[in-house]
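Dear colleague,

Here is the structure I promised to pass on to you.

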Amino acid sequence: MERAVRDAPPHALLEAVRDVLATHYTAVSVDLLMADYAMTTLQPVSALPYTTEPLPVHGSAPGRAFGSQQPHVEKNAPDGDVIAHFPVSVRGDRVGVLTVRLPAGRCTPRAEEELQGVAQLLGREIVLAERETDLYLQARRTGRLTLAAEMQWQLLPGSSSSRPEYEIGAQLEPAYAIHGDNYDWSASADHLTLTVTNGMGEGVEAALLTNLAINALRNARRAGLSLADQACLADQAVHGHYHGVSHLAVLLLRFDLVTGEVEVVDAGSPRMWRLRQGKAEPIPFEAQLPLGMFEDTMYSAQRFSVEPGDRLFFLSDGVYDVASPAGERYGEKALMRAMTATRLLPPSQVPRAVLRELAGHRGTEDADDDALVVCLDWRGRR
């Protein structure tokens, strides 16, 4: 299987998997479903134009495998076959679902385990193939992205990530028309750096501002600078280009994976809440100036610590400041209820659940600002 997928053209990974599974597992059919940007539907990968309707994540058999990240087997197919669904993910980032129809006698526990390995192999190859083909990116969209959203999604590291010390889930709305909100993360052997940003403006101008700031922060981080110096360099880059006319709010965090100590630079509106032992509360930091507002702004890092079992939420003002049709702000109480209500969900599913609560508060009104939710579960190093 590895040889077949490695040798296949980037656009033909699924065909290579089909051939091998038909030969070695007597697979009747093999399909790949990709999760869309909003994480609400699963769309079959095929050549454009798509003729198959996407399936909902909630309420469908493939959606059960996608949500639980565990194989799900249907054994009541009309022709006696078994339909098995296997989550496709890469280091905790949920990509989609591999659906395999097999004769009933071929779906053994060992075969299920091997097919789950095939799904993971396919996920890794898809990530590599996206450098050379648009096929899998096109399968992720149920509608057309705005140009600003196209720029923002290409900038993001993924929608979830998992390591023994932590697990992260994130989501942006409106998924197909985001402007300036963004998140970024990077891990080394002993540290996790997390960035949550809220760029001012709308459309392409907001996306350009965020792209400049994120790449400046990455450039400083990859040069080995301290967290405070990363903020200073990005501040200089943004001010040097916009001269204070546009600026960007950012929350920068650097976690020590060994000790749980965290450095923080709070430069604007993104905020952090903590859920510890069932109690949700906001964690305030000393507010500093947004990036690019004034020339040569100096930043300093604050410190706090996390404990195993802590759940952290990072939210943009498009979440905690959104108004209902009657003008009532979402506010801290509603946020705390939403955080507590999702405490049993894995971080990859929490942002979508919180944003559903937010949509219910907003009513039928269209969102007039980006809404960003990042959820981090801290386990610490054993």
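E74 stands opposite I83 in β5, and strand β4 (residues 72–74) is joined to β5 by three bridges, the two strands running antiparallel. This is a predicted model, in which local features need pLDDT of at least 70 and side-chain atom pairs count only at pLDDT 80 or more, while totals for chains, interfaces and linings use all residues. Residues are numbered from 1 along each chain as its sequence is written, and side-chain values use heavy atoms, with hydrogens and water left out. Strands (E, at least two residues) and helices (H or I, at least four) are DSSP runs numbered from the N terminus, and two strands are said to pair if DSSP finds at least two bridges between them.

β5 also pairs with strand β6 (residues 93–102), in the antiparallel sense and over nine bridges, with R94 in β6 as the bridge partner of S89. In the hairpin that these two strands form, two residues lie between the strands, and R91 takes a positive phi near 50 degrees.

Nine of the nine residues of β5 (82–90) are buried, that is, under 20% relative accessible area with a 1.4 Å probe and protein chains only. Side chains in a regular strand alternate between the two faces of the sheet; here V82, A84, F86, V88 and V90 are buried on one side, and I83, H85, P87 and S89 on the other.

In helix α6 (residues 147–155), the buried residues are A148, A149, Q152, W153 and L155. Seen down the axis of α6, they fall within an arc of 155 degrees, so they line one face of the helix, the arc being that of the directions from the helix axis to the C-beta atoms.

Best regards

Notes: Buried < 20%, exposed > 50% of the residue type's maximum accessible area, 1.4 Å probe, protein only.
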